[in-house]
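Here is a short briefing for someone meeting this structure for the first time. Look at the sequence and the model, then read on.

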Amino acid sequence: MPKVRKVPMRMCVGCGAMRPKMEMVRVVRTPQGEVKVDTTRSAKMSGRGAYVEPREECLEAARKGRKLDRALECEVPEAVLAELEQEVRRRAAAAQAARA
Ligand SMILES: [Zn+2]
């Protein structure tokens, strides 16, 4: 019997697709009301989270539609979006390196 492990899935705010949580970039609104890109190893920062796939088009869609604001129910500062963009690029590059 193959071992079936249940993978936690999350929805991408950019395109609405369900993806494994560990492949997503998490943005969190902390209980203190700060918005941050969760770069902890397994996305463990406490607070309300929203997820974006590490793809430019999903990031763009999320940014244009201000979908993160809606998901987190607060205004996401431009600095956080810039940080998110960097994280998306870093992850996308890492994923590409892993495939090569
Ligand atoms: Zn997406």
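Against which elements do the buried residues of α1 pack? They pack against β5, α2 (67–72) and α3 (78–99). This is a predicted model: local features need pLDDT of at least 70, side-chain atom pairs count only at pLDDT 80 or more, and totals for chains, interfaces and linings use all residues. Residues are numbered from 1 along each chain as its sequence is written.

**Overall build**

- The protein has three helices and five strands. Helices (H or I, at least four residues) and strands (E, at least two) are DSSP runs, numbered from the N terminus.
- Along the sequence, the pattern reads β-β-β-β-β-α-α-α.
- The radius of gyration is 14 Å, close to the 13 Å that the globule rule gives for 100 residues, so the protein is as compact as a globular protein of that length. The radius is taken over C-alpha atoms, and the rule is 2.2 Å times the number of residues to the power 0.38.
- Along the principal axes, the C-alpha atoms fill a box of roughly 45 × 30 × 25 Å.
- Buried residues account for 26% of the 100 residues. A residue is buried if 20 or more other C-beta atoms lie within 10 Å of its own, exposed if 12 or fewer, and partly exposed in between; C-beta atoms are placed from the backbone.
- Of contacts between residues at least 6 apart in sequence, 56% join residues at least 24 apart. A contact means that the two C-beta atoms, placed from the backbone, lie within 7 Å.

**The sheet**

- Three strands form an open sheet in the order β4-β3-β5, with antiparallel pairing. Two strands pair if DSSP finds at least two bridges between them.
- β4 (35–38) and β5 (48–52) each have a single partner strand and stand at the edges, so one side of each is left without a neighbour in the sheet.
- On average, neighbouring strands of this sheet are turned by 25° against each other, direction ignored. The axes behind this angle are lines fitted to C-alpha atoms.
- Five bridges join β3 (residues 25–29) to β5. Among the residues involved, Arg26 has Tyr51 of β5 as its bridge partner.

**Helix α1**

- In α1 (residues 56–64), Cys58, Leu59 and Ala62 are buried. They cover an arc of only 100° around the axis, which puts them on the same side of α1. The arc is that of the directions from the helix axis to the C-beta atoms.
- Exposed Glu57 and Lys64 sit on the face turned away from that buried side.

**The core**

- The largest nonpolar core has 18 residues, of which Val13, Val25, Val27, Tyr51, Val52 and Leu84 touch the most other members. The elements giving two or more residues to this core are β3, β4, β5, α1 and α3.
- Such a core is a set of buried Ala, Val, Leu, Ile, Met, Phe, Trp, Tyr and Cys residues joined through C-beta atoms within 7 Å.
- Val27 lies in β3. It counts as buried, with 28 C-beta neighbours inside 10 Å.
- Leaving out residues up to four places away in sequence, Leu84 touches Val25, Val27, Val37, Val52 and Leu59.

**Two loop residues**

- Arg66 is in the loop between α1 and α2. Its phi is positive, about 50°, although it is not a glycine. Arg66 is partly exposed, with 13 other C-beta atoms within 10 Å.
- Glu73 is in the loop between α2 and α3. Its phi is positive too, about 55°, and it is not a glycine. Glu73 counts as exposed, with 9 C-beta neighbours inside 10 Å.

Note on methods:
Axes fitted to C-alpha atoms, helices over the stretch in contact; angles between N-to-C directions.
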